[in-house]
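Please read them with the sequence and the structure side by side.

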Amino acid sequence: MPAERLRTVLQRIQNAADAAGRPVPALLAVSKTQPAAAVAALAAAGQAAFGENYVQEGAAKRAALAAAHPGLHWHLIGHLQSNKAAQAAEAFDWVQSVDRPGLVAALARHRAPQRGPLNVLIQVNVEGEAGKAGCRPEDLPALADRVADTPGLALRGLMSIPVPHPDPERRRPAFRRMRELFDGLAARHPGADTLSMGMSDDFAIAIAEGATLVRIGTALFGPRPR
Ligand SMILES: *Cc1c(COP(=O)(O)O)cnc(C)c1O
């Protein structure tokens, strides 16, 4: 029952925001590995923003659903390889995983002007986890300035994926640090209005720490097919 699952998740988001005295964040439905039909069912229930981890998979679903659901917004939330930047700039409305200068020019170069600017979040490796995607906090100001100064891109904020401690409460310090980084960013870049953090098992904590967008897959779609 996609409509019922959507209603339940929206209610849980609202409850978490109310309990924390925070504004209600936006919901990104993470549809990776889910078939286009599952996305269509959720779109029919009113959900418009969908997140995908792989460029090709997202592009295929966007194309499959464009006629029946022209108003959907697609976010890339997975690691972006440089050789996929061109396709990402075409297929997505948002890229949440920009984490290095080399992606900036490539994304801008391939963004068709008539599409409007590509919305960009900078992914931050806030805990300095070895071998993980995301820029270092100390590299954030320069990368943010570069995105903001690049025509064809709109700097919209930050994204992070904390270390998946089995106890979600242990992710709270990372969420809190992200909020501090986000506040610093927004003071310098007034267009930055989005802090993307929180997934199915920790979104209430992320909301309490100031998320403005939560990325939820399993709680909306059920377990992933692969
Ligand atoms: C898969 C994924 C999610 C959603 O995770 P769930 O636990 O299924 O809600 C959110 N963000 C990113 C970056 C992901 O890869």
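1. Strand 5 (residues 118-123) has 6 of its 6 residues buried, so it is largely enclosed by the rest of the structure. Buried here means under 20% relative accessible area, exposed over 50% and partly exposed in between, with a 1.4 Å probe and protein chains only; helices (H or I, at least four residues) and strands (E, at least two) are DSSP runs numbered from the N terminus. This is a predicted model, in which local features need pLDDT of at least 70 and side-chain atom pairs count only at pLDDT 80 or more, while totals for chains, interfaces and linings use all residues. Residues are numbered from 1 along each chain as its sequence is written, and side-chain values use heavy atoms, with hydrogens and water left out.

2. In a regular strand the side chains alternate between the two faces of the sheet. In strand 5, Leu-118, Val-120 and Ile-122 point one way, Asn-119, Leu-121 and Gln-123 point the other way, and all are buried.

3. Strand 5 runs parallel to strand 4 (residues 94-98), to which 3 bridges join it; two strands pair if DSSP finds at least two bridges between them. Val-98 has Ile-122 of strand 5 as its bridge partner. From strand 4 the chain crosses through helix 5 (residues 101-109) to strand 5 in a right-handed β-α-β crossover, where right-handed means that, with the strands pointing away from the viewer, the path from the first strand over the helix to the second runs clockwise.

4. Strand 5 is also joined to strand 6 (residues 153-159) by 6 bridges, and these two strands run parallel, with Gln-123 opposite Met-159 in strand 6. The chain passes from strand 5 through helix 6 (residues 140-148) to strand 6, and this β-α-β crossover is right-handed.

5. Strand 1 (residues 26-30) is mostly covered, with 4 of its 5 residues buried. It pairs in the parallel sense with strand 8 (residues 213-216) over 4 bridges, Ala-26 standing opposite Leu-213, and in the parallel sense with strand 2 (residues 49-52) over 2 bridges, where Ala-29 has Phe-50 as its bridge partner. Strand 1, helix 2 (residues 36-44) and strand 2 make a right-handed β-α-β unit.

6. Thr-33, in the loop between strand 1 and helix 2, deserves a look. Thr-33 has a positive phi of about 65° although it is not a glycine, and at 14% relative accessibility it counts as buried. Most residues other than glycine have a negative phi.

7. The count comes to 1 aromatic pair, the rule being that rings of Phe, Tyr and Trp (its six-membered ring) pair if their centres lie within 6.5 Å, with planes under 30 degrees apart counted as stacked, over 60 as edge-to-face and the rest as tilted. The rings of Phe-50 and Trp-74 have centres 5.7 Å apart and planes at 35°, so the pair is tilted. Phe-50 lies in strand 2 and Trp-74 in strand 3 (residues 73-76), so the pair ties together parts that are 24 residues apart in sequence. Phe-50 is buried at 0% relative accessibility, and Trp-74 is buried with a relative accessible area of 2%.

8. Asn-15 lies in helix 1 (residues 2-20) and is partly exposed, with a relative accessible area of 42%. The C-alpha atoms of Asn-15 and Pro-25, 10 residues apart along the chain, are separated by 11 Å.
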